Each structure stands twice: as structure tokens, then as C-alpha cells.
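Reader: Hi, I have a new structure to look at. Can you walk me through it?
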Amino acid sequence: MSASHAPVPLYAFAMPDLLANLNPEQYAAVTLPDESALIVAGAGSGKTRVLTTRIAWLIEGGRVSPSGILAVTFTNKAAREMMTRLGAMLPINTRGMWIGTFHGLCNRLLRAHHRDAGLPSAFQILDSADQLSAIKRLLKANNIDDEKYPPKNLQYFINGAKEEGLRASRVDANDAFNRRFVELYAMYESQCEREGVVDFAELLLRSYELLDSNRALRAHYQQRFSHILVDEFQDTNRLQYAWLKLLAGEHSAIFAVGDDDQSIYAFRGANVGNMLDFEREFAVRHRIKLEQNYRSHGNILDTANHLISRNSRRLGKDLRTDAGAGEPVRVYEAATDQQEANWIVDEIRALLDQGMSRSEIAILYRSNAQSRVVEHALVAAGVPYKVYGGLRFFERQEVKHALAYLRLIDNPDDDTAFLRVVNFPTRGIGARSLELLSDTARLHQCSLAAAAPLLTGKAGAAVASFMRLIEQVRAETAPLNLPETVEHLLAASGLNTYYEQEREGQERLENLQELVNAAAAFAAEEGYGRDVPARSLPMAPGASAAPALTDDSDAVEVIDAGAPLVRQMTPLAGFLSHASLEAGDNQAQAGQDAVQLMTVHAAKGLEFMAVFISGLEEGLFPHENSAVEIDGLEEERRLMYVAITRARERLYLSFAQSRMLHGQTRYNVRSRFFDELPADTLKWLTPRIEAGARWGGARDNAGWGRDWFAPPSHIETALADKQRAADTGYRTGQTVFHNKFGEGTIIGLEGSGTDARAHVSFQRHGAKWLSLAVAKLQIVD
Ligand SMILES: Nc1ncnc2c1ncn2[C@@H]1O[C@H](COP(=O)(O)OP(=O)(O)OP(=O)(O)O)[C@@H](O)[C@H]1O
Ligand SMILES: [Mg+2]
């Protein structure tokens, strides 16, 4: 360990406070010696709290200075929360600390060392929508059939390769089709290079390569970050893990916390296997378990534990709580999605009447598209809410237009930005002119902006006037600070006028104004004074403006001196990175006390007093795609586990028999998860009807008799299956005997022939799904 010298406690008297509220296992974890450790523990057991407290403890005891810490969180929101908590625990300025997401930290590293990384100082970040349009443009420019090579597939291929750490030149292609993909990947790489842009995966790969190839830089950071701490470790992918390894080198300690049951990003290459590799490769001696849950009431925790116990691939852990059982988990079946939304809003109003604050209430769903109907009900009821994700603020059309102009003033070679606004608002630059321009650029291997002067005729004149506009705005904004720059640009670009004249442009205008506010908030948060021009590099005392990094390690030291590294970016570049990386986060601050709406993925790590999980229908949650993926259903179950464990005191589950989604009405059967939850923690607010009886006489009892509809065909098929299962001689409600599990009651039947399965609730072993062909159940009555 680099901090091998004897610890020097600096604030010995303050110590008991920091550690006072920890349980013995948490205490042991926080105060582990300077060596790598892995904490694997269930939801709400205090992993994040332990990690944060450990940082404070390390600093407070003089084991490391704040600049020696690097902490990785999963979201920007989590990073901010961590800094706030640290600020409250210690009398230090947390701004300079390296706490952030992988993307955020890599961006910071690349900004500081852009030359060594082979990037222009004003490199721009492509979000995934930008990346897709860049790929489409590439295919079009090269006359490639986008049916044969769908842009989305190519995007997936490229990102997958990058996440494996592979450049196009190193990807193995075993057939002609794949070879073509690799060629396209290579072409995409040169296009990005030419335009000075990087996509999300590139941020990571580029900074990995930077550290890998630059010995001095690597040595510097390895020495600097003696303590690396990683939250949500189960969701790191191979490249992120390799990046951490490189940064840790031989001497730094990695303190990783995670929960294999909450691994929900396998589809993006996350790899739980990293946990096992980490233990081996870092000779981890300490694997501490935290088994006390501090978040949720008993019924909620039991519900979560019961569900996740059905997964087969688990490291295995127990979780208990001292909190009482609390309220039962309430379940509601609605006829339609609107009815579901109305019920949610009614329940929310009841909670608010009881004094719960709005921001303590979350509505979670599996897919973004589900939010619309809930939003509608909230608006109608006048309940303020905030949507995370979905069409985020920075992804709105008008905001993206404005950002594209800003990007162009920063870097005219950014072709994606160029194409977005060259003819918006319209200035008579048609598709034909742009084609000519693209041809010229390709011929000269340069960006569109660089090709503009080479274009002649009418097309040339129109493009030239656009370039003059950009140049003019560049000059006019040179002395302006960040919010002034944005404001000026909105007027000069013609965007304001355009939306003023558009019939329903009011909301878009407000969003543009909000962009000015966002820029002002960003500048204030980063500590840029009002007199700092948006495009100049603020000089920190003792820091060189453009650190030229050589093998001379003294030069490296210069970078660390003085102000935080983020100052290596101009305010404008910083803001543009923020817009790409932190999309959506801004909204959260705008409406503090609002009901929180988000996908389950976005809710990871967070907690709320009351949680509604809506749309629990087969095909939606579990998602229909999960059926075709290896481990798909287990991943959906982990996702459901994450959703349930966000709740502290109240949990509500709901589903609708019919739902409008993507313009079509879907008829749904309830999620299989309901059959996997313990019956005794749930309270059905609508009658619980066995799936088989659903379309029969029981429906009148359910109270939705009036505007009823006939079951659609796929449900009839499912019912027919159940009928066939029943034909095997078994029926629900029957008492049966199993050689190993003893006596139990059949609570569900599914499938037919050799696939027929029975869901049996055993008196001593709980509920299990058994194959009827294998299980040989004896009928008792
Ligand atoms: N020893 C403790 N005493 C009281 N409250 C605690 C203790 N440890 C953790 N908590 C609280 O329990 C809640 C859950 O903690 P935390 O968010 O750190 O859990 P986690 O393991 O990171 O959960 P997740 O897996 O969902 O990320 C928080 O509100 C935290 O403040
Ligand atoms: Mg956590």
C-alpha cells in the first residue's frame, strides 16, 4: 500500500461521531486496513453509507488526503449526494475530489490530458442519439444499404467492441458479413476522429488507452489515488474493471461494494464475474457481509427476499430488519391503464394527506413509454411531479438545436452539430447542397465546415453565409460569460424567432430560456465568476493553462497543483459535457418537492418512503425480450428486486388488463412475479383471481363487468394450455404430496404436455414450480 506509513489521526476527537451509528460489521468494513476489500451485501444494508463513511474516516484519520481518493458512483445524482454527505462529515471542500461516474471521471481525465489522448481541446461528447445519427450519416455517405446493415445493429456492434476494449483493427471477423461490420467500425472511428467527437464508450476506451500507453501519466495517477472506492460494483463491465485495475496499479487499495442480486446491466456488458476476478486478482482477504437492512419494513423486505430466492445464480446472502412488519404490500388490478393511473394518484393523495412529502413518493415503471398516462393523471389531479429519464431536458429537440450551435462555436468540425442546424431555422440549404458539401468533405478528408469554402455556386453561397453566422456569433460571444453566451446565441441563431412564430412554440421557448438558467446554475456551481468568458480557460494559481505532458513527471505534478482539474475545461466545454453526461439531472433540482417518476433502472441506489411499481404485466415486466435472452428472466427478477427494495414504508404493486402502448391497445395477463411473491405480505385491494378463472364467471365479482371485452387470442391460447395442464388430472386448489417437499396445495398450473408445470405451495418448503412430467405429484384429495 502506498500509505504504508503509520496513520496519523488528525481529528481524533471527532472520530466517535463518524463511526457511532454503525453496526459491528459496518464498523469493521469502514475501518479495514489499507488493502483491497469487497463488500457483498443486500439492498439497504448500508453499502453506500459504509463507502462514504470510509472516505471520511480515511481522510479524518490522516490516512489519505482528499486528493488521494477516487470514488466511482453509478449516477451523477449519487455522486452529488456523496459529496454533500462528505461535506457534512468533514470540514473540507469536496469540489476538487474525484467522485463521479465512470463517464464523468474519464471525461475529466481526457480534458486534462486531451493532447496525450489525441483529442482536440474542445472535443464534444456524442450521446447515444447523436451517435446513431452519426452512424446513419456514415452509411448514407458511403451508399451502404441500411437495411442490410441496420444503424442500430452497427451501433450495438461498435459499442460492444469498445466495451471489450477492441479497436476496429483488433476485432476478429470470421465471415464476410462481420468483416463489413468491422470495416464500418473503422470508418466510424475515422469519422469521429475527423470531427473531434467521442461517444460514451469512447470516453472509457480512450482514457484506458491513455493510461495504458503513457507510463508517466499512469505512474502519476497510480501514485496519486492510493484509495479507489467503487459503489454498485456488480454493474461494472470488463473495460471499466480493466480501467480500475490500471489505475490501481500495484499499490492502491480498491474498496468495492456491490450486490449480485442487483446486477441489472448485463445487457450492456456488466459482468458479475468481475466480483470473483477482483477477489482473486487483488488477493482480497476481507469479504465482509452486511446482513442488517436499515431501509425497509419487514413485509417489504420479506417480499423482496422471497422473490429473489427463486433465482438460481446467486452468491447467496441473508437480510433481516429490526423494523416491524409495517403495512402490507398493497396490490391493485385495474381494467385499464388509465384506471391504474387514477388509483395511483388517489393513493398518493391519501399519503400526502397523511403528511408525507411528495419527493418521498416514487412511481416506478419498466419502460419510459409507460409514464405518459401516469403523468396525465397527475396533471389532472394537480399533483406536481418530476420525470427522470425519458425525453430528458437536454434531449428535447429545441434544446439539442441550441446545444448544437454552442458546439459549433466551440468546435466547427463537429459534423453532427453542423448537420443538425445548418438548415435550422431554414435558410434554403437543401439536401442537394448538403450532398455536394459531404462529397467535397469526403474528397478532401475534412470536416463539413472545412469543406464549406470549397463549394461554389448557389449551394456554396448559402453554406458560406451559414459559416459567417457561426463566425460572427463566435466573435460576438468571445467576451461573454456562459449564460450570456447561451442567451446571445438563442437570439443570433434565429432559434428564438423561429419558436416565437411556431404555433405551439411557447413551451419550447420556455425550455430555451431554461437552458440559459441551466447554464447560469452550472457556472455558479462550478464557481465561475460572472466575469469569466465562456470560452476561455480559467487559470488556477500555479497551474499551466495547457498542460503539455511529457515523460518528465514534474510536468505531471503541475496539473495537480491548485484548482480542481475540471478547470482544465472552458466553462462552455464543461457545460456541453455536463449536458451530454448529466442529462436529466437538472430537472431534479428545479422541482424539489415533486412526486418522482422514473424507470426501475434509474432508481438503483435510491430510496423512498412510498414506492409504486406499475405495469406489472407479462411482456412488460418481465419484459418480453427477457424470454429470448440467456439469463433474461433472472435479470428481470433482479430488476424487480431492485424496485421492491427502494421502498422504506409503503409498497404498492399494480397492473392493468389493457394498456395503450406505442399506439396500440395491448391485453395483458398479470406478471408472473405475483405468483412468486409470498401471499402473506400482500393485500389484494381487488379480488385475486386465479389466472385460469379470469375470463370465466368470476369476472362479475371483480367489479369490471360493464364494459368488458372478449379475451384476445393469445390469452385464449394461454388458457387452452392451462386447460390441457388441467387435463393431466391436476387442478388448482388440490392437495398433493411430493416425495421431498411433503404436502402442499396447487396454486397454479401452466403449459401443456411435457412442459406442463404446477405451482405448489408446500406447507414446509414454500411455493415451488414443478414440472409435472418429472415431479410425480400424488393427489391427496
Ligand atoms: N447503521 C445504520 N444505522 C441507521 N441507518 C443506517 C445504518 N446503515 C445504513 N443506514 C440507512 O439505511 C439506508 C440504506 O443505506 P444505503 O443506501 O447505504 O444501503 P445500500 O446497501 O447502499 O443500498 P442499495 O443496495 O439499495 O444501494 C439509508 O437510509 C442509510 O442511511
Ligand atoms: Mg447503495
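This is a predicted model: local features need pLDDT of at least 70, side-chain atom pairs count only at pLDDT 80 or more; totals for chains, interfaces and linings use all residues.

Reader: At what angle does H3 run to E7?
Author: About 155 degrees.

Reader: And what does H11 touch when it packs on the sheet?
Author: H11 touches E6 and E7. Its direction makes about 160 degrees with that of E6.

Reader: OK, the sheet itself. What is the strand order?
Author: E3-E2-E6-E7-E1-E8. It is an open sheet of six strands, with parallel pairing.

Reader: Which strands stand at the edges?
Author: Strand E3 (98-100) and strand E8 (286-288). Each has a single partner strand, so one side of each is left without a neighbour in the sheet.

Reader: What about the twist?
Author: From one strand to the next, the twist averages 10 degrees.

Reader: How do strands pair, in general?
Author: Through backbone hydrogen bonds, either parallel or antiparallel.

Reader: Back to E6 and E7. How many bridges join them?
Author: Four. E6 covers residues 227-230 and E7 covers residues 253-258, and the two run parallel.

Reader: Which residue in E7 is the bridge partner of His 227?
Author: Ala 253.

Reader: New topic. How many residues are in the largest nonpolar core?
Author: There are 120. Ile 39, Ile 55, Ile 228, Ala 402 and Leu 406 touch the most other members.

Reader: Take Ile 39. Leaving aside neighbours within four places in sequence, what is Ile 39 in contact with?
Author: Ala 29, Lys 47, Val 50, Val 257, Ile 288 and Leu 290.

Reader: Now the overall layout. What domains is the chain divided into?
Author: Domain 1 is 24-115 + 203-292, and domain 2 is 126-195. Then come domain 3 (329-389 + 587-684), domain 4 (394-526) and domain 5 (714-779).

Reader: What distance separates the centres of domain 1 and domain 2?
Author: 31 Å, taken over C-alpha atoms. Their contact takes seven residues from domain 1 and five residues from domain 2.

Reader: Which elements give two or more residues on the domain 1 side?
Author: Helix H9 (200-213) and helix H11 (238-248). H11 gives the largest share, three residues.

Reader: What classes of residue are on that side?
Author: Four nonpolar, two polar and one charged.

Definitions and conventions:
Residues are numbered from 1 along each chain as its sequence is written. Chains are lettered from A and ligands numbered from 1 in the order in which they are written. Domain bounds come from an automatic or database domain assignment. Two residues are in contact if their C-beta atoms, placed from the backbone, lie within 7 Å. Ala, Val, Leu, Ile, Met, Phe, Trp, Tyr, Cys and Pro count as nonpolar, Asp, Glu, Lys and Arg as charged, and the others, Gly among them, as polar. Two strands pair if DSSP finds at least two bridges between them. Axes are lines fitted to C-alpha atoms, for helices over the stretch in contact, and angles run from 0 to 180 degrees between N-to-C directions. A nonpolar core is a set of buried Ala, Val, Leu, Ile, Met, Phe, Trp, Tyr and Cys residues joined through C-beta atoms within 7 Å. A residue is buried if 20 or more other C-beta atoms lie within 10 Å of its own, exposed if 12 or fewer, and partly exposed in between; C-beta atoms are placed from the backbone.
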